[in-house]
Amino acid sequence: MENKNLRKSGVLAHITSLPSKFGIGDFGYSSKNFIDLLKNSGQKLLQILPIGPTEPYFDNSPYHSVSAFAINPLLISLEKLKEEGLISQDLSQYEIEETNIVQFEKVIENKFKAFNSAYKNFKENEDFQKFCSENSFWLEDYAIFIALKKRFENRAWQEWPNEFKNRNLGALNLAKDILKDEIKFVKFLQFIAYKQILEMKDYANENGIEIIGDLPIYVDLDSPDVWANKELFNLDDNGYPVKVAGVPPDYFNENGQLWGNPVYNWDKHLKTNFEWWIKRIAHLLQFVDIIRIDHFRGFVAYYAVDAGRENAKIGEWIKVPVYEFFDTVKNNFPTMPFIAEDLGLITEDVVEVIERYNIPNMRVLEFAFDGSPENGYLPHNYKNPTVVYTGTHDHNTIVGWFKYELTNNGKSYLEKYLGKKTSLETINFDLIRLAHSSIAQFSILPVQDILALDERFRMNTPGTSSGNWRFKLKFSDIDEGKFFKLKEITEIYGR
């Protein structure tokens with residue numbers, strides 16, 4: 001990454017979490033107003049979660065997207081559509097009463113009503129044709145996949161008639177003709193989302209703010225990515241995985257975690273010079289300035305479990321051609337604009353890769369206070385390039401952590417470390433000060449920690465399968481006094 005020694009700070013807030021009259025944050029005024037707030041409080045970074053389309057079946061998790069390339073249409077701003085003249089009716093009918101939860105069912109119903117109405121007013125133009133042609137390498141497969149899935153009553157592609165499951169050219173061409181309107185609607189939504197996110201990024205960059213995006217390592221089995229590139233995954237003849245992804249048992253989970261995604265056929269990726277990965281990274285870098293690589297250790301060696309097992313207790317670690325991969329990435333992206341998500345059990349070989357390519361890694365203050373001065377998450381043990389977080393989307397808020405998760409010994413060590421007493425009222429800014437004062441190149445704070453929100457406002461609890469990913473700010477939650485305090489701390493520590 002360029003300017004590796006430049007100290008910066010920023011906020012972690014997914015687009016869906018931003019205040020909005022329409023029940024979910026979006027690429028329009030939701031983002032613009034939040035970017036203004038960050039600029040006014042001296043921040044230089046906005047970190048978001050993956051932006052792919054989400055599925056109610058997976059609790060609308062951004063880490064379970066139906067596409068590695070498409071953008072979630074729910075993030076489209078209706079106000080922008082109205083400004084463009086694509087929606088003529090009053091937008092108040094699409095408004096949703098403000099709560100701290102994204103009500104996905106209502107949002108989907110309202111937004112798709114609005115999208116259908118906008119599509120009727122849409123006239124195909126040169127920009128649309130240019131977008132379709134420049135993105136055809138993923139858009140064609142994505143659009144026909146979505147249209148066919150609807151036609152086959154949402155069944156997984158492995159259960160489609162053979163000619164579609166196996167992508168028979170004649171059958172696909174016939175389907176493209178019969179389903180042309182459904183296909184064009186899918187492309188229309190992607191065109192609009194693409195345009196709006198680029199406008200949002202331009203606005204952020206003009207205001208001195210870089211966007212950190214997120215690259216989930218795995219893709220879903222029931223996706224156009226797997227359907228159109230079967231050879232890149234470890235699948236059997238019927239398109240089902242031979243082995244699936246997960247992580248082994250650890251202190252937090254005696255059965256490990258069985259994620260169930262198909263694992264990659266890395267030999268094939270190596271033979272194609274990692275072309276699919278290079279395209280994926282280049283595509284995402286249009287929308288973000290820096291990419292956080294999720295589950296970084298999976299690019300060094302990944303844990304694979306035989307398909308059909310009930311848990312992840314029995315699996316094997318399989319090595320990845322990691323140096324060939326990152327050399328290729330570096331040739332294509334010489335500034336290496338990445339952050340490595342290296343939380344959890346990290347082995348020497350992973351550390352070696354991170355150091356060899358000088359990729360910033362992550363440190364989380366919620367992990368720091370076990371009483372040992374050798375704890376690698378304590379600020380005095382950081383080595384740059386490092387990115388420090390108070391917590392992430394997978395952790396409790398600082399207030400919730402302090403209330404329920406930090407042991408009495410941990411509290412006592414934390415107070416010795418801070419050199420002062422702390423309390424529920426001050427803990428959030430005590431840890432923000434600790435993060436900002438550290439030598440870490442970047443210091444990033446979940447928006448909940450700036451606003452001192454408690455455990456009810458956490459984004460995700462790993463290992464649970466419902467009720468996650470819904471956290472949303474109300475307009476009244478934005479406490480400018482707290483952002484002013486953040487600005488002061490940011491200036492004191494030269495960020």
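Let me begin with Thr-54, which is buried in this predicted model. Its relative accessible area is 14%, and because the cut-off for buried is under 20%, Thr-54 falls into that class.

I turn now to the chain as a whole. It contains 18 helices and twelve strands. Its radius of gyration is 23 Å, close to the 23 Å that the globule rule gives for 495 residues, and the chain is therefore as compact as a globular protein of that length. Along the principal axes, the C-alpha atoms occupy a box of roughly 70 × 55 × 40 Å.

On burial, 56% of the 495 residues are classed as buried. The accessible surface of the chain comes to about 21300 Å², and 49% of it is supplied by carbon and sulfur atoms.

Regarding contacts, consider those between residues at least 6 apart in sequence: 74% of them join residues at least 24 apart.

Finally, the charges. How far apart are the mean positions of the positive and negative charges of the chain? The chain carries 57 positive and 70 negative charges, and their mean positions are separated by 2 Å.

Technical notes
Residues are numbered from 1 along each chain as its sequence is written. This is a predicted model: local features need pLDDT of at least 70, side-chain atom pairs count only at pLDDT 80 or more; totals for chains, interfaces and linings use all residues. Side-chain values use heavy atoms; hydrogens and water are left out. Helices (H or I, at least four residues) and strands (E, at least two) are DSSP runs, numbered from the N terminus. The radius of gyration is taken over C-alpha atoms; the globule rule is 2.2 Å times the number of residues to the power 0.38. Buried means under 20% relative accessible area, exposed over 50%, partly exposed in between (1.4 Å probe, protein chains only). Contact means heavy atoms within 4.5 Å. Accessible areas come from the Shrake-Rupley method with a 1.4 Å probe; for residues, only the protein chains shown count as cover. Lys and Arg count as positive and Asp and Glu as negative; His and the chain ends are not counted. The place of a charge is taken as NZ of Lys, CZ of Arg, CG of Asp or CD of Glu.
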